[in-house]
Amino acid sequence: SLFPMIDFEEVSIQKSGSNEKKTLTEGQIEMLLQIVNDPVSFDWGETSHDPEFQLEFLKNSQPVASIIIGAGRSRIETNHHWPYFKKMKFGHLKKESRNALIQLLDQVER
């Protein structure tokens, strides 16, 4: 019942406007899923959504799920092609979760 609700082998990340993709480490994937799957990470509020990063969960090198991060690294949502699940709570991140996500993305960008 937790995102991505399907087996995957790796997670790639691509910054908007870039052709370069990177692969997250096991520790980075664990941190990402901890933030994404914890409903306490999220708050609700209106925001415009300018995509900054797209993360793809891959199996056999094919995407099986994806999420988009945007709005100053403060908003997470599923790709519009991915079905919405009632148990998932995506939206605007609370301060502590946003700081954790920023640290993770800074780590990946190095």
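This is a predicted model: local features need pLDDT of at least 70, side-chain atom pairs count only at pLDDT 80 or more; totals for chains, interfaces and linings use all residues.

Residues are numbered from 1 along each chain as its sequence is written, and side-chain values use heavy atoms, with hydrogens and water left out.

**Exercise 1. Find where S97 lies, decide whether S97 is buried or exposed, and list its contacts beyond its sequence neighbours.**

Step 1: Locate the residue. S97 belongs to helix 2, residues 95-109. Helices (H or I, at least four residues) and strands (E, at least two) are DSSP runs, numbered from the N terminus.

Step 2: Check the accessibility. Buried means under 20% relative accessible area, exposed over 50%, and partly exposed in between (1.4 Å probe, protein chains only). With a relative accessible area of 13%, S97 is buried.

Step 3: Look for partners. Contact means heavy atoms within 4.5 Å. Once neighbours within four places in sequence are set aside, S97 touches I35 and S41.

**Exercise 2. Find the salt bridges and say which parts of the chain each pair links.**

Step 1: Recall the rule. A salt bridge is a side-chain nitrogen of Lys or Arg within 4 Å of a carboxyl oxygen of Asp or Glu. The structure has two of them.

Step 2: Take one pair. E109 and K15 meet through their side chains at 3.0 Å, N to O. E109 is in helix 2 and K15 in strand 1 (residues 10-15), 94 residues apart. E109 is partly exposed at 30%, and K15 is partly exposed at 40%.

Step 3: Take the other pair. The side chains of E56 and K21 form a salt bridge of 3.1 Å, N to O. E56 sits in strand 4 (residues 51-59) and K21 in strand 2 (residues 21-23), so this pair ties together parts 35 residues apart in sequence. E56 counts as buried at 16%, whereas K21 is partly exposed at 47%.

**Exercise 3. Work out how the rings of F3, F8 and F57 are arranged.**

Step 1: Recall the rule. Rings of Phe, Tyr and Trp (its six-membered ring) pair if their centres lie within 6.5 Å; planes under 30 degrees apart count as stacked, over 60 as edge-to-face and the rest as tilted.

Step 2: Apply the rule. There are two aromatic pairs. F3 and F57 have ring centres 5.3 Å apart and planes at 85°, so they are edge-to-face. F8 and F57 have centres 4.9 Å apart and planes at 85°, so this pair is edge-to-face.

Step 3: F3, F8 and F57 make up one aromatic cluster.
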